[in-house]
Amino acid sequence: MSGKRGRPSKAEENLDTRQILIDTAVALIRKYGADHITVRSVCEEAGLSIGTFYHHFKNKDDLLIYFVRETSFDRFILGTPLQDIAGRVVELYMHLISRYLEMGEEFMKHFYTTGNKALSAYMGEEDGHYADGTVMARCEQEINDAIGQEVLRPDTDAHRLSMDICTIVKGCVFEWALNDGAMDIEKTLSRIVSSYLTPWMR
């Protein structure tokens, strides 16, 4: 049921069409991978018009980035003390990873691909800064707090460390996918992040 980019029909307005589109995208990602998702394929599978899609999302990437931007990480309350900065950073990233795991192994394996431009945009930076509310921006804030509390050395480059940690996380997720989910992501992430941050500890 594809159509123009106009308003949703009256029948569609009575449905939770945004959630239907999201649920349909999850199902298609599990089946075919994020690289193969198109606006038309989501609408056809959901039985909704293209106009309805554009009522909720700007484009395909806007839909895909929902899965990583759904939660604002600047408001998370972390239980790990700042003195254990490695553990605190891992706890932070596990909030994001756990969200993916809740959607199933196939979703996670097919979402983390080189062709997923929405994920690349979210986990990247613009003009040397991370977007507000992202897990990377919160990670950088935590590292800066650890520097201020003399947990990390004063010459620590918080932005550089947060970039490297983001790369470590992506590598762990990719390795997990290669091993069909057999790897303990949290345990592996904790070990690598701890080893990485050790030289910067005071």
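**Tyr 130**

I started with Tyr 130, which sits in the loop between α8 (117-122) and α9; helices here are DSSP runs of H or I with at least four residues, numbered from the N terminus. I am working from a predicted model, where local features need pLDDT of at least 70, side-chain atom pairs count only at pLDDT 80 or more, and totals for chains, interfaces and linings use all residues. Residues are numbered from 1 along each chain as its sequence is written, and side-chain values use heavy atoms, with hydrogens and water left out.

Is Tyr 130 buried or exposed? I find it buried, at a relative accessible area of 9% (buried is under 20%, exposed over 50%, partly exposed in between, with a 1.4 Å probe and protein chains only).

I then listed its contacts (heavy atoms within 4.5 Å). Setting aside neighbours within four places in sequence, Tyr 130 touches Gly 124, Glu 125, Met 136, Ala 137, Glu 140, His 159, Ser 162 and Met 163. Glu 140 is 10 residues from Tyr 130 in sequence, and their C-alpha atoms are 8.8 Å apart. I also noted that the Tyr 130 side chain reaches the backbone nitrogen of Met 163 at 3.4 Å.

**Helix α10**

Next I checked the length of α10 (residues 158-178). Its 21 residues should span 30 Å at 1.5 Å a residue, and the end C-alpha atoms are 30 Å apart, so the two agree; the expected span is 1.5 Å times one less than the number of residues.

At the N-terminal end I found Asp 157 as a cap, with a side-chain oxygen 3.2 Å from the backbone nitrogen of His 159. After the helix comes Asp 180, with a positive phi near 55°.

The buried residues of α10 include His 159, Ser 162, Cys 172 and Trp 176. Among the elements covering the buried residues are α6 (85-102), α7 (105-111), α9 (135-148) and α11 (185-197).

**Thr 188**

Thr 188 counts as buried because its relative accessibility is 14%. Leaving out neighbours within four places in sequence, I see Thr 188 in contact with Cys 172 and Met 183.

**α6 against α9**

How do α6 and α9 pack? I get an angle of about 165° with the axes 10 Å apart; axes are lines fitted to C-alpha atoms over the stretch in contact, and angles run from 0 to 180 degrees between N-to-C directions. The two helices are therefore roughly antiparallel (over 145 degrees; under 35 is roughly parallel, 65 to 115 roughly perpendicular, the rest oblique). Residues making the contact include Val 89 and Leu 92 of α6 and Met 136 and Ile 143 of α9.

How values were computed:
Polar contact = N/O pair within 3.5 Å; in protein donor to acceptor, adjacent residues only side chain to side chain.
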